[in-house]
Amino acid sequence: MRDILVMAGVDVDFKLDGTFYNAVDKVDLTVKEGETLAIVGESGCGKSTLATSIMGLHDQVTTKVSGSIKFEDKEICGITTKELEKIRGAQIAMIFQDPLAALNPLMRIEEQIKESLDLHTKLSEKEKQARVFELLRKVGIEDVKRTARQYPHELSGGMRQRVMIAIAVACEPKLIIADEPTTALDVTIQAQILDLLESIKKEKNSGIILITHDLGVVAQVADRVAVMYAGQVVESGTASDIFNAPKHPYTRSLLRAMPQAKTPTDELYVISGNVPSLKKIATTGCRFAPRIDPKANVRHEKEPKLHEVTPGHFVRCTCYLDLQF
């Protein structure tokens, strides 16, 4: 499988109170055709920030994005908004976390799906209408004519998420970024949405970046996983590497915190401490160190690097060598 997206040394800095603070630190990630890369971690770890940097959606006045982001061998980091507009929607699409906030409340569903077709295709009005109905059927909506004429507030959460997916795949993009696409949905609808994304990926051999904090979802659909903490990738590898042989203490803590089928007397594991704010992220040393029990007597690198522990399985900092779980 060939690479469709290659990120190398990607940095994202946000301006707060006149000073720039690092939100994403030198991220190296690759997405291949027909592959699902899951990016996991707690809120505030930089997952969505990284995704929006790929799409070029950051405010250029208050945000600095540097490094290399190559899509289909073309450098897209730093290109003009006009150049990005040719790519967004047509070749790279994003499914946002909250469809009610992402959809325009004043536009009917068919108009919102047609926007992408208007920008990136030469279809006639009749062909676009047919394409709208085809897309709505593809995402599992039965009464497509009625739904096409409705407004977002008239639809359920699951229906709105399906519409978001229809908009994203309208022009058959090579890369789909799904930012927490199932967070607000019940388990049944969540399974349907995940199955839908998987079928779209297989049909067009697209790559998917799935951003989530739900490791149960990751275990279902991901081929490879990148674990982010405080703006850094602390571990990456195949789904099997992460679930069967986790190395970094943060990855292990996330897995321990997953709800399990336990007896009523068992307590849910809670990771001590919190993800540091932008202004408090350490610039040297292992960023997860403050959340490790000091009694563990763990040694950390002064400048933690990614180490390849097995082929394709990378871990930041050698602290994992001292921890026993």
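Reader: Which residue stands opposite Val-225 of strand 9?

Author: Ala-38 does. Keep in mind that this is a predicted model. Strands of a sheet pair through backbone hydrogen bonds, either parallel or antiparallel. Here strand 3 (residues 36–40) and strand 9 (residues 224–229) run parallel, and four bridges join them.

Reader: What is the order of the strands in the open sheet of eight?

Author: Read it as 6-7-8-3-9-10-12-11. The pairing is mixed.

Reader: Which strands stand at the edges?

Author: Strand 6 (92–95) and strand 11 (306–310) do. Each has a single partner strand, so one side of each lacks a neighbour in the sheet.

Reader: How many of the 13 residues of helix 7 are buried?

Author: Ten of them, so helix 7 is largely enclosed by the rest of the structure. Among them are Gly-158, Arg-160, Val-163 and Ile-165. The buried residues pack against several elements, including helix 3 (99–102), helix 5 and helix 8 (187–204).

Reader: What span should helix 7 have?

Author: Count 1.5 Å a residue: its 13 residues should span 18 Å. The end C-alpha atoms are 19 Å apart, which agrees.

Reader: How should I read buried positions along a helix?

Author: Start with the turn. An α-helix has 3.6 residues a turn, so residues three or four places apart point the same way. Then try helix 4 (residues 109–120). Its buried residues include Ile-109, Gln-112, Ile-113, Ser-116 and Leu-117. The buried residues of helix 4 pack against helix 5 (125–138), helix 6 (144–149) and helix 7 (157–169).

Reader: What is the pairing in the open sheet of four strands?

Author: Antiparallel, in the order 2-1-4-5. Strand 2 (19–32) and strand 5 (74–75) stand at the edges with a single partner strand each, so one side of each has no neighbour in the sheet. Eight bridges join strand 1 (residues 3–16) to strand 4 (residues 63–71). Val-6 stands opposite Lys-70 in strand 4.

Reader: Which helix lies across strand 1, strand 2 and strand 4?

Author: Helix 1 (residues 47–55). It runs at about 110° to strand 1.

Terms used. Residues numbered from 1 in each chain as written. Predicted model: local features only at pLDDT ≥ 70, side-chain atom pairs only at ≥ 80, totals over all residues. Heavy atoms only, no water. Buried < 20%, exposed > 50% of the residue type's maximum accessible area, 1.4 Å probe, protein only. Helix = DSSP H or I, 4+ residues; strand = E, 2+ residues; numbered from the N terminus. Contact = heavy atoms within 4.5 Å. Pairing = 2+ DSSP bridges. Axes fitted to C-alpha atoms, helices over the stretch in contact; angles between N-to-C directions. Expected span 1.5 Å × (residues − 1).
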